[in-house]
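Biologist: I would like to learn how to read aromatic contacts and backbone angles in a model. Please take the features one at a time.

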Amino acid sequence: MPSTPFETVILTTAFYGVLLMSLLMFSTVYQWVLVDSARIRLGEMANQVAYEVAGLYSMCQRPRNNMDLFKPISIPASVSDKGYAMELKKIDGVWLIVAYLESNRMINASSPLWSDPGVEMIVETGSGSFQVGSYTVHYNSVIHSGQSNPVVWARRINGTIMVGLGWVENGGG
């Protein structure tokens, strides 16, 4: 027995509804995978930068004289084809390296540096610059993706150690 036009319309509409729901579910799962992938990559970068900052801090603890150090860091220009930023932030008495997508700050990851270090240790969150030989180290609490020559740096001045994030320029000397 052939189906009526009404049954055909109902079945066709139901079929397209099932296809649309499947497509929407696939799209949602795909977005979750992309967000998780970006968080994992941001976490890896935050861990790498925290490791480098802690390493330079350790190097400054040994000598008794003043010193200025910086180390270039190799970080990608983008995460999932989106720009990101890395920031030094203090949350509940713990200093963190926080990496986040600039288009959506909710997609972020962090890596702890240490608890509030005290008087002999300063985590620099301001901006400025200093000379190390023929290089000028510019610092800020936030570095953005795609910024040329990103660095972590540490300085020991009269027993006080300062650390931070920044970028470097070669003065040509």
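**Reading the loop and the rings**

Modeller: At 38% relative accessibility, Ser80 counts as partly exposed, the class between buried (under 20% relative accessible area) and exposed (over 50%), with a 1.4 Å probe and protein chains only. This is a predicted model, in which local features need pLDDT of at least 70, side-chain atom pairs count only at pLDDT 80 or more, and totals for chains, interfaces and linings use all residues. Residues are numbered from 1 along each chain as its sequence is written, and side-chain values use heavy atoms, leaving out hydrogens and water.

Biologist: Where does Ser80 lie?

Modeller: In the loop between β1 (67–72) and β2 (84–91); strands are DSSP runs of E, at least two residues, and helices runs of H or I, at least four, numbered from the N terminus. Ser80 has a positive phi of about 55° although it is not a glycine. Asp81, in that loop between β1 and β2, has a positive phi of about 60° and is not a glycine either.

Biologist: How many aromatic pairs does a search of the whole structure find?

Modeller: Rings of Phe, Tyr and Trp (its six-membered ring) pair if their centres lie within 6.5 Å; planes under 30 degrees apart are stacked, over 60 edge-to-face, the rest tilted. The search finds 6. In one, Tyr57 and Trp114 have ring centres 5.1 Å apart and planes at 45°, so the pair is tilted. Tyr57 is in helix α1 (residues 5–61) and Trp114 in strand β4 (residues 108–115), 57 residues apart.

Biologist: Which residues form one aromatic cluster?

Modeller: Phe130, Tyr139 and Trp153. Both Phe130 and Trp153 are buried.
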